[in-house]
Amino acid sequence: MDSATSDRAALRATADNGLKIAIVGGFGVGKTTMVRSVSEIRPLNTEETMTSAGEAVDHLDGVHSKTATTVAFDFGRITLDERSVLYLFGAPGQERFWFLWDRLFSGTLGAVVLVDTRRLADSWYAIDRLEHHGAPFIVACNDFGGPLHTEQQIREALALSDDVPLVECDARDRSSSKYVLITLVEHLHALSRRRLAAESSADPSAIPPATAPEMTPEPTS
């Protein structure tokens, strides 16, 4: 690990604002890959080799090449600024581990629902649970090279309202994953300002603009 990477990975003493983000979605949509690609520390993951014992309970339609799976959760970290740190929790996708999700959502600021457009139905449960908890979220379509869908078709298939951001991404690419998280942070910031406006019965335009924290830029060698 070089000095630039070491400096970025070390948690600064001034950091006192931890923000918890969940990355959820169906089985094999790329949640572990996204946490790995964007975390500034070596991510904690609980991947185990898939065996024949799980064939009867894990549905492998569309993910037959998958050889390992998350059995608890993935964890990563990103420094936003001098005082704010983003903690990433990737949820397991198999139905038999869904009971963990409600606990994982506790204290969550918001979530990314990662979607494989070849298997849109696999994302319904994630969206349902987030709506049940009243947790804000965005939807990110991971690039698996599947059939092309228009934004409107995806919104209709997932019953997404117009105010839920929908973006495309490649979970393997760090900059693409960072873009997804920045979109979520900006969405949460916009929702916060709307609530503030509603609570104060003020015109939203009268609230002074504020800048959402940005991701720490990549170090240059």
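**Notes on Leu158 and its surroundings**

1. Leu158 is in contact with Val115, Leu120, Ser123, Trp124, Ile127 and Val139, when residues up to four places away in sequence are not counted. This point, like those below, concerns a predicted model.

2. Leu158 also belongs to the largest nonpolar core, which has 23 residues. Together with Val24, Val113, Leu130, Phe137, Val139 and Leu160, Leu158 is among the residues with the most contacts inside this core. At least two residues of the core come from each of β1 (17-25), α3 (101-105), β6, α4, β7 (137-142) and α5. Another core, of 22 residues, lies apart from it and includes Val29, Leu80, Leu86 and Leu114.

3. Is Ser123 buried or exposed? Ser123 has a relative accessible area of 1%, and a residue counts as buried when this value is under 20%; Ser123 is therefore buried. Its place is in the loop between β6 (110-116) and α4 (124-133). Leaving aside residues up to four places away in sequence, Ser123 touches Val113, Leu114, Val115 and Leu158.

4. Ala159 lies in the loop between α5 (151-158) and β8 (166-169). Its relative accessibility is 59%, and the limit for an exposed residue is over 50%; Ala159 is therefore exposed. The phi angle of Ala159 is near 55°, a positive value in a residue other than glycine.

5. A separate matter is the packing of two helices. In general, two packed helices are described by the angle between their axes and the distance between the axes. The axes of α2 (residues 31-38) and α6 (residues 174-200) come within 8 Å and cross at roughly 100°, so α2 is roughly perpendicular to α6. Which residues meet in this contact? Met34, Ser37 and Val38 of α2 meet Arg174, Ser177, Lys178, Val180 and Leu181 of α6. By type, these residues comprise 4 nonpolar, 2 polar and 2 charged.

6. The chain as a whole may now be considered. It contains 6 helices and 8 strands, and from the N terminus on its elements follow the order α-β-α-β-β-β-β-α-β-α-β-α-β-α. Of its 221 residues, 45% count as buried. The chain exposes about 11900 Å², of which carbon and sulfur atoms supply 52%.

7. Finally, the contacts of the chain may be sorted by sequence separation. Among those with a separation of 6 or more, 73% join residues 24 or more positions apart.

Notes: Residues numbered from 1 in each chain as written. Predicted model: local features only at pLDDT ≥ 70, side-chain atom pairs only at ≥ 80, totals over all residues. Heavy atoms only, no water. Helix = DSSP H or I, 4+ residues; strand = E, 2+ residues; numbered from the N terminus. Buried < 20%, exposed > 50% of the residue type's maximum accessible area, 1.4 Å probe, protein only. Contact = heavy atoms within 4.5 Å. Areas by Shrake-Rupley, 256 points an atom, 1.4 Å probe, with all protein chains shown as cover. Axes fitted to C-alpha atoms, helices over the stretch in contact; angles between N-to-C directions. Parallel < 35°, antiparallel > 145°, perpendicular 65-115°, else oblique. Nonpolar A, V, L, I, M, F, W, Y, C, P; charged D, E, K, R; others polar. Core = buried A, V, L, I, M, F, W, Y, C linked by side-chain atoms within 4.5 Å.
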